Amino acid sequence: MGYPDEVRAGAPVGSAIVIDLRLLREEPDRIRASQRLRGESPSLVDDLLRADERRRTATQRFEAVRAEQRSLGRQVPKSTGDERAVLLARTKVLAVDVKAAEAATTEAEQALRAAHLAVPNVVEDGVPPGGEDDFVVLREVGDIPRIENPKDHLEIGEGLRAIDTERGAKVSGSRFYFLTGVGALLQLAMLQMAIQQAVEHGFTPSITPSLVKPEAMEGTGFLGAHASEIYRLEADDLYLVGTSEVPLAAYHSNEILDLTNPERFAGWSSCYRREAGSYGKDVRGILRVHQFDKVEMFSFCRPEQARAEHLRLLAMEEEMLAKVEVPYRVIDVAAGDLGSSATRKFDCEAWVPSQGRYREVTSSSNCTTFQARRLNIRYRDEDGKTQTAATLNGTLATTRWLIPILENHQQPDGSVRVPKALQPHLGGRDVLEPSR
RNA sequence: GGAGACUUCGCCUAGUCCGGUCUAUGGCGCCGCACUGCUAAUGCGGUUGGGGUUUUAUAGCCCCUCCCGGGUUCGAAUCCCGGAGUCUCCGCCA
């Protein structure tokens, strides 16, 4: 799955990239170091700088030839006779040069973009080195409940007639499910509560498209190493989103924003993931599925505000987790496990009694200018100059949350206690029992 | 799905037939100044945007930009082809 096709499909090229290249030129060593932390080749940076230089040269040549052509072209209408014939002959030659120079520029720009897309975001200072298992636990919150022989969420869910994975498999295959009765109601209540909290904190609630064009996928960094995770509709050249982060990021593509204050969205969408390469992993229940629903936070802000915004999103997640009364811990994800777009990532992991361990339920990434550069999202600074914006995202609630909610609040009789904050969203009921 | 109309510098709009100071018209809005107890009104001036370059700065210079991408041409907002989007009507359908 290469990007040149996507580039031709209309992804923004050139200008916005160069702004950040200026920064790259100043600190290439910093970026090489970051590359090593991620376990990727530092030479990508040199490829990028070379491509940048090539593009500059090509552009300068094109502009020079073009300027001459225009200048001569302006004289043609005023000229007559022999003078005109000479001019026409000269411009005829120039036309060929211009065309060649333009082609060279276009090619150089595409090469630059390709080199650019290959370079992951620079890792933020303080990120733990290492891979998947090298995260640092920042804190553990809440008391782990003592439950004798805890049932897992699927057993509880089936008892409540809330989760039906057998029929999910019958209708759509493995890793699909039906939420029915109190299961459906619980999910709607949880997502509604998430939206309400987001609105209270000034986020704009949004219901987003689930199908997006290639440039939206490319721009958010999802067609990189994890392209095989993405569903693609061949007939229409559209992708099914794995998170509303994608449409929300692309929402402001090719725009210049007023980012005096950060712009914040809470997107509700169904999400689709192929889960390729996770065969045999987490096959039971709804922990790892092909389709789920999610409320995702997304912020556009100035780069200097991004760290504070990141902590803000994390605080939102913790507020939600507190409302569903589930014990959790916060981890600082290690450099090798960041994904190409993030400079830093905090995950919240909820306690899952049946497994006796924490499982990821939220993930919030600071992408700084990585996505905005690719999607050409800018803002105007005090001097009126355009600068690349920063983007951040974080999970506010998803279907997976049903697992810790059901398991941590299960009762010996098979019913499930409803956390207080959720009750108003469930018509006031304080316990889940089988129903229609 | 069928037919037609349309897309111009924040918004509206002239220009497209008949290619060349269109380096885009006018209005609204906005900014500045003047006048007037204040406001309003009026008058004058300014105002497409993006990138590069240069300067202490002001200012300037160059390229790109008339939905997007190709083509024709010495030269394209204008002509040709392809695509996207918007609207209207018809058909169909949650």
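**Reading chain A against its definitions**

Mentor: In chain A, 74% of the contacts with a separation of 6 or more join residues 24 or more positions apart. Two residues are in contact if their C-beta atoms, placed from the backbone, lie within 7 Å. This is a predicted model, in which local features need pLDDT of at least 70 and side-chain atom pairs count only at pLDDT 80 or more, while totals for chains, interfaces and linings use all residues. Residues are numbered from 1 along each chain as its sequence is written, and chains are lettered from A and ligands numbered from 1 in the order in which they are written.

Trainee: What makes up the secondary structure of chain A?

Mentor: There are 13 helices and 18 strands. Both are DSSP runs numbered from the N terminus: helices are H or I with at least four residues, and strands are E with at least two. Along the principal axes, the C-alpha atoms of chain A fill a box of roughly 100 × 45 × 40 Å.

Trainee: Why is Gln-410 called buried?

Mentor: A residue is buried if 20 or more other C-beta atoms lie within 10 Å of its own, exposed if 12 or fewer, and partly exposed in between, with C-beta atoms placed from the backbone. Gln-410 has 25 C-beta neighbours inside 10 Å and therefore counts as buried. By this definition, 43% of the 436 residues of chain A are buried.

Trainee: Where does Gln-410 lie, and which residues does Gln-410 contact?

Mentor: Gln-410 is in the loop between α13 (402-408) and β17 (416-417). Leaving aside neighbours within four places in sequence, its contacts are Ile-147, Pro-150, Lys-151, Ile-156 and Val-416. Ile-156 is 254 residues away along the chain, yet the two C-alpha atoms are separated by 7.6 Å.

Trainee: What makes Asp-282 partly exposed?

Mentor: Asp-282 has 14 other C-beta atoms within 10 Å, which also lies in between, and so is partly exposed. Asp-282 belongs to the loop between β9 (263-272) and β10 (291-301), and its phi, near 45 degrees, is positive in a residue other than glycine.

Trainee: Which residues of helix α3 are buried, and how do you know that they are on the same side of α3?

Mentor: In α3 (residues 28-38), the buried residues are Ile-31, Ser-34, Gln-35 and Arg-38. They cover an arc of only 105 degrees around the axis, which puts them on the same side of α3; the arc is that of the directions from the helix axis to the C-beta atoms. Just after α3, Gly-39 takes a positive phi of about 80 degrees.

Trainee: Why is α3 called oblique to α4?

Mentor: The axes of α3 and α4 (residues 43-75) come within 8 Å and cross at roughly 140 degrees. Axes are lines fitted to C-alpha atoms, for helices over the stretch in contact, and angles run from 0 to 180 degrees between N-to-C directions. Angles under 35 degrees count as roughly parallel, over 145 as roughly antiparallel, 65 to 115 as roughly perpendicular and the rest as oblique. The crossing angle falls in the rest, which makes α3 oblique to α4. Pro-28, Ile-31, Arg-32 and Gln-35 of α3 meet Leu-44, Val-45 and Leu-49 of α4.

Trainee: How do you know that β6 and β7 pair?

Mentor: Two strands pair if DSSP finds at least two bridges between them. β6 and β7 (residues 238-240) have 3 bridges, in the antiparallel sense, and therefore pair. In one of these, Arg-232 is partnered by Tyr-239 of β7.

Trainee: What makes β5 and β6 edge strands?

Mentor: Their open sheet of 3 strands has the order β5-β7-β6. β5 (211-212) and β6 (231-233) each have a single partner strand, so one side of each is left without a neighbour in the sheet.

Trainee: Which residues have the most contacts inside the largest nonpolar core?

Mentor: They are Met-190, Ala-194, Val-295, Ala-350 and Leu-396, in a core of 102 residues. Such a core is a set of buried Ala, Val, Leu, Ile, Met, Phe, Trp, Tyr and Cys residues joined through C-beta atoms within 7 Å. Helix α8 (residues 182-200) gives the largest share, 9 residues.
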